[in-house]
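Q: Could you walk me through the fold of this one, taking the sheets and then the helices that pack around them?

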Amino acid sequence: MSNRPRLARSPDPYVVRVRTEKNGLGALKTCVVLLLIALQLGLLIFLYLRLIEVFGAYVTLSLVLSVITAAFVLSSDQSPSTKAVWVFVVLVFFVAGFLLYFASDRRVFFGGSRRRYDAVFRRAAAYAPLGVNTEGADARVREDCAYLQKTGAFPAFQGTEARYFPSGGQLFDDILERLRGAKKFIWIEYFCIADGALLERFIGILAERAAAGVDVRVIYDDMGSHSTFRGKTKRRMQSAGIRLQPFNRLMPVLNIGMNFRDHRKIVVVDGETAYTGGANLADEYTNELRMYGYWKDAGIRLEGSAVDGFTFLFLRQWEFLTRTEEEYAPYLGLAAPRANGALFVPYAGGLDFDAPICRDIYRNIIAKAQGRLWLMTPYLVPDDEILDVLGDKADGGTDVRLILPGIPDKGIVYRLTLANGGKLAARGVKVYCMKDSFVHSKLILSDCCAVVGSVNMDMRSFYEQFECAVYTDDASVLRAVEADFEATFADCVPVALHRKFFGRVFDRLLQIAAPLM
């Protein structure tokens with residue numbers, strides 16, 4: 001059975017080719033930004049070498065500072081693998097290693113933003129939706145809900161119906177249909193927005209709804225969209241009454257803060273319907289543009305009480321970006337509860353929270369899975385604990401299966417992904433690659449719950465990016481996700497376990513830097 005469902009198609013494929021593939025201005029902007037950053041880096045290196053030349057005692061001082069920094073790293077709350085890499089960098093490159101570490105410290109480059117987030121969170125807390133009692137659920141589900149409530153104040157909702165979509169084409173067909181009927185507000189948040197046929201269909205509907213008085217807001221990540229979302233298109237949308245807000249503007253400045261990106265995917269319509277998943281607003285996600293073979297993605301629609309979770313997440317992000325206090329109450333509690341007692345927990349992760357929430361909830365689900373644990377991810381570069389727990393579950397008899405892409409979009413990360421997949425396969429995990437396809441779905445399915453969202457199984461999603469997802473024990477969603485896995489297995493081949501000697505050596509070298517990717 002092939003897992004290639006019907007896809008939305010553009011009536012004019014030529015538009016897709018011109019607007020999405022040949023964005024020369026975006027490429028020029030990228031080159032200019034990289035050139036300016038390289039010049040700044042070169043100047044800093046030159047000045048640093050002059051410092052060493054003039055002050056001979058500096059080498060001894062830097063060695064002392066590097067040892068102190070290594071001790072500081074070891075006492076930090078970072079993952080063990082990340083600590084090991086930083087200690088290696090700091091001590092081997094002791095002349096500048098300690099500077100590299102502190103220059104990458106999020107407290108330096110994200111401290112001001114974090115204080116602003118804290119202020120937004122404190123103000124918004126008075127309007128936070130209330131959760132339901134989870135007593136009747138599976139004990140493992142109760143524990144996960146308690147964790148999400150404690151660490152991120154993400155409540156569990158009932159009274160919600162959901163529909164799972166096994167492809168980006170089906171997901172966006174449904175989103176566009178719901179947008180046409182919007183009467184109050186449309187809120188959209190994407191990592192990547194790209195000129196093309198899909199965006200043109202969005203703009204047509206959003207402009208028409210804005211003209212009818214609907215409050216239309218769009219958040220986009222400035223790095224994720226910088227080479228694909230043209231200034232001309234942005235101005236056209238703004239002139240149509242669509243409010244745009246970039247997240248973390250891409251600046252030609254040597255700043256580790258540019259690495260912190262908004263990778264969330266959220267659409268909220270009238271406070272009654274919400275969507276999340278892996279797909280961005282670009283033509284490759286509906287397969288109208290083929291970049292890496294067939295693009296496998298997934299998403300989910302919520303209707304009912306749990307929509308408030310995504311409404312609240314979006315509005316807090318909007319308030320942070322605009323620096324304007326928002327009214328929350330008028331946008332919450334608008335969806336009529338549905339007759340469904342299943343639990344749904346919309347949640348997020350990122351530098352606006354103390355704990356690595358997205359990483360920890362994955363780890364919790366993996367550790368507690370019993371009969372079944374199926375995962376789908378484009379990137380497999382987690383910390384050692386996640387890999388060990390996956391291997392331990394397979395050793396203990398759990399049916400652990402993992403689907404990875406058959407075609408890469410990032411060569412280096414793909415090598416690491418296959419290398420980690422090979423390690424798991426050697427421990428009994430059934431690891432597959434989807435033939436002639438790039439798997440972009442971010443799914444985890446156990447015997448008691450499922451997660452659908454934007455979270456990759458890598459260190460960036462776990463520790464650096466702003467992510468979102470929905471956790472649920474809804475039986476209909478679990479069946480739909482299971483059916484998607486079963487259909488996708490039929491399009492897969494087992495991961496290759498053996499590589500040539502030099503390939504294995506290269507992979508081991510890449511593993512050293514993996515925790516920083």
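A: Before the sheets, a word on terms: two strands pair if DSSP finds at least two bridges between them, and helices (H or I, at least four residues) and strands (E, at least two) are DSSP runs numbered from the N terminus. This is a predicted model, in which local features need pLDDT of at least 70 and side-chain atom pairs count only at pLDDT 80 or more, while totals for chains, interfaces and linings use all residues. Residues are numbered from 1 along each chain as its sequence is written, and side-chain values use heavy atoms, with hydrogens and water left out.

Q: Fine. What is the strand order in the open sheet of seven strands?
A: The order is β1-β8-β6-β5-β2-β3-β4, and the pairing is mixed. At the edges stand β1 (160-165) and β4 (243-247), each with a single partner strand, so one side of each has no neighbour in the sheet. From one strand to the next the twist averages 10 degrees.

Q: And β2, what does it pair with, and in which sense?
A: Strand β2 (residues 185-190) pairs with β5 (residues 266-269) in the antiparallel sense over four bridges, and with β3 in the parallel sense over six bridges. Ile188 shows both sides, standing opposite Val267 in β5 and having Val218 as its bridge partner in β3.

Q: How many residues of β2 are buried?
A: Six of the six are buried, so β2 is largely enclosed by the rest of the structure; buried here means under 20% relative accessible area, against over 50% for exposed and partly exposed in between, with a 1.4 Å probe and protein chains only. Phe185, Trp187 and Glu189 cover one side, and Ile186, Ile188 and Tyr190 the other.

Q: Which helix packs on that sheet, touching β2?
A: Helix α10 (residues 197-211) does, touching β2 and also β3 (215-221), where contact means heavy atoms within 4.5 Å. The direction of α10 makes about 145 degrees with that of β2; axes are lines fitted to C-alpha atoms, for helices over the stretch in contact, and angles run from 0 to 180 degrees between N-to-C directions.

Q: Switching to the sheet of eight strands, what order does that one have?
A: That open sheet runs β9-β18-β16-β15-β10-β12-β13-β19, with mixed pairing. Its edge strands, β9 (344-349) and β19 (492-494), each pair on one side only, and the twist averages 20 degrees from one strand to the next. Within the sheet, β12 (residues 399-405) and β13 (residues 430-434) pair in the parallel sense over five bridges, with Ile403 opposite Tyr432.

Q: Is α13 mostly covered or exposed?
A: Helix α13 is mostly covered, with nine of its 12 residues buried, among them Ile357, Arg359, Asp360 and Tyr362. Helix α13 (residues 357-368) packs on the eight-stranded sheet, touching β9, β10, β15, β16 and β18.

Q: Last topic: at what angle do α3 and α4 pack?
A: Helix α3 (residues 58-74) and helix α4 (residues 80-92) pack at about 175 degrees, with their axes 9 Å apart. They are therefore roughly antiparallel, a label for angles over 145 degrees, with under 35 counted as roughly parallel, 65 to 115 as roughly perpendicular and the rest as oblique.

Q: Which residues of α3 and α4 meet there?
A: Ser66, Val67, Thr69, Ala70, Val73 and Leu74 in α3 meet Lys83, Trp86, Val87, Val90 and Leu91 in α4.
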